[in-house]
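I opened the notebook to keep track of what I looked up in this structure. The entries below follow the order in which I checked things.

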Amino acid sequence: MRLYDYPASCNCYKVRLLLALLQRPYERVPVDIFDGDTLTDEYVRINPARTTPVLETDDGCFLPESNAILVYLAAGTPFLPDDAFELAEVVRWLVFEQTDVIPTLGGLRFRLLVGRLTADAPDAVRRKEGALEVLRLLDEHLATRDFFVGGRHTIADIAIYGYTHLAHEAGIGMEPYANVRAWLDRVAQHPGYIEDVEPYGANAAPGAGRSLYD
Ligand SMILES: N[C@@H](CCC(=O)N[C@@H](CS)C(=O)NCC(=O)O)C(=O)O
């Protein structure tokens, strides 16, 4: 397997984390999304949406979308439940992560870290309000549970963990969210856990590189 991977992306990190937990060997193909690597004709054949991560399977198929990759890799393992209701709950959190966690927490962190927004900009304020609402909801869910679904570590946790564990880099104080903090510790204690998210490169600043964002 090959993983087309941008090291500062938490969408890519989610996949690397699951691969580590499953102890699956793979080749990492670095994609500098701010140096035009996703803008080539070759990359559009791999992923028409020009995003990372993409998994190339042992059969030579290309699978984009981080959470689809998580489902593919977790199938047949304890990280993806067999029970129909639990499976649907995992899907619920995978969807929530994409629609609610990423645009708020993830989008705010990226833009603040690379200087695309200042904390007082209206878009930053709007994203932060959304992030606080997301964290409130996550904290409430975790008040009575150790993990998001079925009382055990699944890809629902891995997906939500990706950007949530770096919420402080989005300028968010985690003090009010004790249940989320305890859950972050539980995820980090799982055998095989890794955390290898790298800082954004200087070319991620506005106008400094070539990407979908510029
Ligand atoms: N929904 C997609 C989002 C992927 C995405 O937006 N990836 C960003 C990095 S986090 C990217 O590769 N952007 C490409 C670019 O800016 O050229 C997923 O979960 O995989």
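Entry 1. I began with Asn203, which I found in the segment after helix 7 (178-188). I noted that the model is predicted.

Entry 2. Which side chain does the side chain of Asn203 make a polar contact with? I looked it up: the partner is the side chain of Asp32, at 3.0 Å.

Entry 3. I then listed what Asn203 touches, leaving out residues up to four places away in sequence. Asp32 is on this list too, along with Phe34, Asp35, Ala208 and Gly209.

Entry 4. I moved on to the ligand. There are 14 residues around the ligand, and I wrote down those that come nearest: Thr52, Glu65, Ser66, Gln98 and Tyr213.

Entry 5. I sorted the shell around the ligand by class. It has five nonpolar residues, seven polar ones and two charged ones.

Entry 6. Which atoms of Thr52, backbone or side-chain, lie 2.7 Å from an oxygen atom of the ligand? For Thr52 I noted a backbone N or O atom. With Ser66, an N or O atom in the side chain is 2.6 Å from an oxygen atom of the ligand. For Gln98 I recorded a polar side-chain atom 2.7 Å from a nitrogen atom of the ligand.

Entry 7. On its own the ligand has 520 Å² of accessible area, and the protein covers 88% of that.

Entry 8. Last, I looked at the pockets. The largest pocket is the space taken by the ligand.

Terms used:
Residues numbered from 1 in each chain as written. Predicted model: local features only at pLDDT ≥ 70, side-chain atom pairs only at ≥ 80, totals over all residues. Heavy atoms only, no water. Near = heavy atom within 4 Å. Polar contact = N/O pair within 3.5 Å; in protein donor to acceptor, adjacent residues only side chain to side chain. Areas by Shrake-Rupley, 256 points an atom, 1.4 Å probe, with all protein chains shown as cover. 1 Å grid on protein atoms, 1.4 Å probe; cavity = no way out; pocket = protein on both sides within 12 Å on 5 of 7 lines; lining within 4 Å. Sits in = over half its atoms within 2 Å of the grid points. Nonpolar A, V, L, I, M, F, W, Y, C, P; charged D, E, K, R; others polar. Helix = DSSP H or I, 4+ residues; strand = E, 2+ residues; numbered from the N terminus. Contact = heavy atoms within 4.5 Å.
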